[in-house]
Amino acid sequence: MNHNLLRAPTGDILSLLDWNSLLSGLTDVIHLEKTRETLGESLFFKDRKTIEKEYDSLDFFLASFETLYQEVTLSLSLLPPEKNHLQFEQYLQKSQILSLDDLNFPCNLLEIFLNLRRPLKSWNKLTQFSPDEGQLQSLKHKFIKPFRSFVDQTGKIDYLKHPDLKRTWEKVLEVESEIRQSIVRMSRSKTFSDALQYSEHDIINDRYVLAVKSDSYKASLGNIIAHSKSGLTLFVEPTVLREKSTKRIHLLAEIDEIKNRLARQFSDILRKFIPELSGLIEFVTELDLLRAKSVYCHRNDLTRPSLSDEFAFTLEDFYHPLIEHPVKNTISLEKSRKGFILSGPNTGGKTVALKSIAICHLFLHMGLFLPVSRATIHPVRGIYYFGNDQQNLDEGLSSFASESKNYLELLDSLEESSLIIIDEIFNSTSSEEASSLAIALLDEIHKKSNSKVVISTHHQFFKTHIHSMKEYVSAHVEFDVEIERPTFRISSGSPGSSMAFRIFELISSAMGKTNLIAQTARNIIDKKTLSYEQLLQELSQKQGELTRLIRENKILNNELKNQKKSMEGILLMEKQRMIEGYEKKLEKILTRARTLVSDIKLGQLKTPNKVAEKSHSIRSNIQIEKEELFESKNPDCHYEERVPKEHEFEEQTIYYSTTLKNNVLVFSIDKRKKEAVVHLGKMSLKCPLSTLRILKDKKKTKKQTGVWINIQKEPINKLSLDCRGMRLSEFQNEVESSLQDILIGNTPFVEIIHGHGNGVLKNWLRSYIDENERLIWDSSHGNDGYTKITLK
């Protein structure tokens, strides 16, 4: 028996891999019965070139998945799924005539190709199905156009749209109208009204009949065409309608004759294009399969692997497609390694892992992407899978006998490069004998071929011996001792303990059973064996903890990298926002400057005072934006918004002054007056404590031992400034000098008397203050001849 799944695989072996359930998501999408047959025959060895071509087709479809899926699905829906419709070319070869209904299928087939060849122009398989353009145009003019003139895509015939059918069909409609009118008159007549079972008519064998009560029937009413099962109702063709019904039957026969003649003509045309039509059948079958595969790969998030000429494979984050929220694992088998031996506790996921590896290799030859995040894989010539129970009751073989027979047959049919997957090798005999047989079997396999094995086992000697050989990768499934549950993760580098005693205890506890079976078993088992299993268990636990820490560190590292990138992105966006804000403000100032220049050239500003007023306003705006820009770039201006309490202030400490808009050094504190002497550069000032804020990065300075000069600066300007009679330029200088004292805290306010006059001084002053974000003006008591200016 050949156990190679790539050579006529048996359903029994594939059922071990849940193959039908796996492909149900694929077959459910397929439209044509013929495509389903093709899918069932598609599991065979394919070389790298063939697989790459199929993968390129999938990539093409998935690149425009939404659009192509809708267009292809809509087109295929025009074709009936039954297989017999695809056999029309066989009838043509036998010189048979297709009916107009049968001819609708090849017409739809041609139209599908014509409609889809543009969206499918980049499909790498399109050219192998495409008919010659000349032949295609000939079919279009000789068959599609005349056929579609009176038959729609559903196959419905419009008799009035074909000249030959129209003449006869109009006669049929005329006769039927006369018959219906006669029936209405008869059903109301005294002869029929009392005898009728109901007033509506029926058509039986192309004869118009009325339902007459059997006890009211008279021969004069007409001939009996049929009767009900009970015999109480007779279906009678009225005598007066017989001639018209016969005429109608003759006309319908003429219609059938015309349809047959047209069908013969169209069949003769198609008979000349049998090879082209056969190619189009292959086209829709292949397209149907490509659509189904693309949907399957899209829905299951399958990934295209990289193909390798070297016999090795790496499957990253592989999983079983039928498991919801699966634990994903990674396995790598290099060219120099002969196999992968997996051990560890029962219920730990060994069987699922082996099935998933087999599925990945089978999907490769099916032309499907793989259930992985990334993979490099080699197209092997043989895939062999042996489950953990190989008992054959049909042949009367025990589990061990059947397993031995299967391995001997494997050696006879082994391909040169094969992947052999065995779940729990020789698990039905004693561990020592099973281990020896397994080692000898592997030796024989590698003598006969360049094959690789993936095997799960519980045999202690076998997994220990394999672990000592560099040609094999030793691995185990992890078990979390803290939560006493398997993690289903594969850890490479060492074998694992079967943990049979502990798992037995957990199952007993879950069932509410209390016994000492596991403890008694521990006492019975050889101490050396028990120590070895405990050592493997501890080693597996330590390795699991190390793997978990590495995984957590990797996740944390990725999170930190993502956070860093996010912060960089936020800072970049904030910087861009600030730049755009300043650009808008500068553009606004430039617009005002350009307008001023334009007004001067046009002579719209009559006096020098007006020019001076507007130019000074623009210069002031530039200065304000400059100050804001440099303040926003000051790295030391990060302070707490709250007002500190008195006991929080310390001398020789740097604070932020909301009045001076800068960092200052507090030299001394007068808690009674609630003020402090602060140093700003070489200048010493008094500031209210309420204007100081604590820096987020609080800075202290070393005790200064030098001589400090404390300068008490008296206000140059008075609190009240009389500017009446001043020119605008002189007024502007006086105002700016007084405002500086307010800004640095020397004076709490200043009252500027400008008088009423023509309003030039007042208008400039208030406009200037409005544009300064730190100052506010007020005109009290309804006196518009002076303005009081304070800090906001």
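**Helix packing, cores and selected residues**

In helix H4, Ile-51, Glu-54 and Tyr-55 meet Phe-363, Leu-364, His-365 and Met-366 of helix H14. By class, this contact of H4 with H14 comprises five nonpolar residues, one polar residue and one charged residue. The model is a predicted one. H4 spans residues 48–63 and H14 spans residues 350–366. Their axes come within 8 Å and cross at roughly 80°. An angle from 65 to 115 degrees counts as roughly perpendicular, and H4 and H14 are therefore roughly perpendicular to each other.

These helices belong to a protein chain with 23 helices and 23 strands. The chain has 792 residues, of which 42% count as buried. Contacts between residues at least 6 apart in sequence were also examined, and 69% of them join residues at least 24 apart.

The crossing of H3 past H13 is right-handed. On the H3 side, the contact is made by Lys-34, Thr-35, Thr-38 and Leu-39. On the H13 side, Ile-281, Thr-285, Asp-288 and Leu-289 take part. Sorted by class, the contact of H3 with H13 holds three nonpolar, three polar and two charged residues.

The pair H15 (residues 399–413) and H16 (residues 431–448) has axes that come within 10 Å and cross at roughly 15°. Angles under 35 degrees count as roughly parallel, and H15 and H16 are therefore roughly parallel to each other. Their crossing is left-handed. H15 contributes Phe-400, Tyr-407, Leu-410 and Leu-411 to the contact. H16 contributes Leu-437, Leu-441, Glu-444, Ile-445 and Lys-448. The contact of H15 with H16 divides into seven nonpolar residues, no polar residues and two charged residues.

Attention now turns to the interior. In soluble globular proteins, nonpolar side chains tend to be buried together. The largest nonpolar core of this model has 107 residues. Within this core, Phe-283 and Leu-315 touch the most other members. Helix H13 gives the most to the core, with 13 residues. Another core, of 21 residues, lies apart from the largest one. Among its members are Phe-386, Tyr-407, Ala-438 and Tyr-472. Tyr-407 is also one of the H15 residues in the contact with H16.

The surroundings of Leu-315 were listed with residues up to four places away in sequence not counted. On that basis, Leu-315 touches Asn-329, Thr-330, Ile-331 and Ile-357, among others. Its contacts also include Cys-360, Val-372, Arg-374, Ala-375 and Ile-377.

Three further residues were examined individually. Gly-222 is placed in strand S3, which covers residues 222–227. Its relative accessible area is 1%. Residues under 20% count as buried, so Gly-222 is buried. Not counting residues up to four places away in sequence, Gly-222 touches Tyr-217, Val-236, Glu-237, Pro-238 and Thr-239. Gly-222 and Leu-210 are twelve residues apart in sequence. Their C-alpha to C-alpha separation in space is 9.8 Å.

Thr-691 is found in a loop, between strand S18 (683–688) and strand S19 (692–700). With neighbours within four places in sequence left aside, Thr-691 is in contact with Tyr-656, Ser-657, Thr-658 and Thr-659.

Ile-769 lies in helix H23, residues 760–770. With a relative accessible area of 1%, Ile-769 is buried. Leaving aside neighbours within four places in sequence, Ile-769 is in contact with Leu-739, Leu-775, Ile-776, Trp-777 and Ile-789. Ile-769 and Thr-790 are 21 residues apart in sequence, and their C-alpha atoms are 9.9 Å apart in space.

Notes
Residues numbered from 1 in each chain as written. Predicted model: local features only at pLDDT ≥ 70, side-chain atom pairs only at ≥ 80, totals over all residues. Heavy atoms only, no water. Left-handed = near helix turned anticlockwise from the far one by under 90°. Helix = DSSP H or I, 4+ residues; strand = E, 2+ residues; numbered from the N terminus. Contact = heavy atoms within 4.5 Å. Nonpolar A, V, L, I, M, F, W, Y, C, P; charged D, E, K, R; others polar. Core = buried A, V, L, I, M, F, W, Y, C linked by side-chain atoms within 4.5 Å. Buried < 20%, exposed > 50% of the residue type's maximum accessible area, 1.4 Å probe, protein only. Axes fitted to C-alpha atoms, helices over the stretch in contact; angles between N-to-C directions. Parallel < 35°, antiparallel > 145°, perpendicular 65-115°, else oblique.
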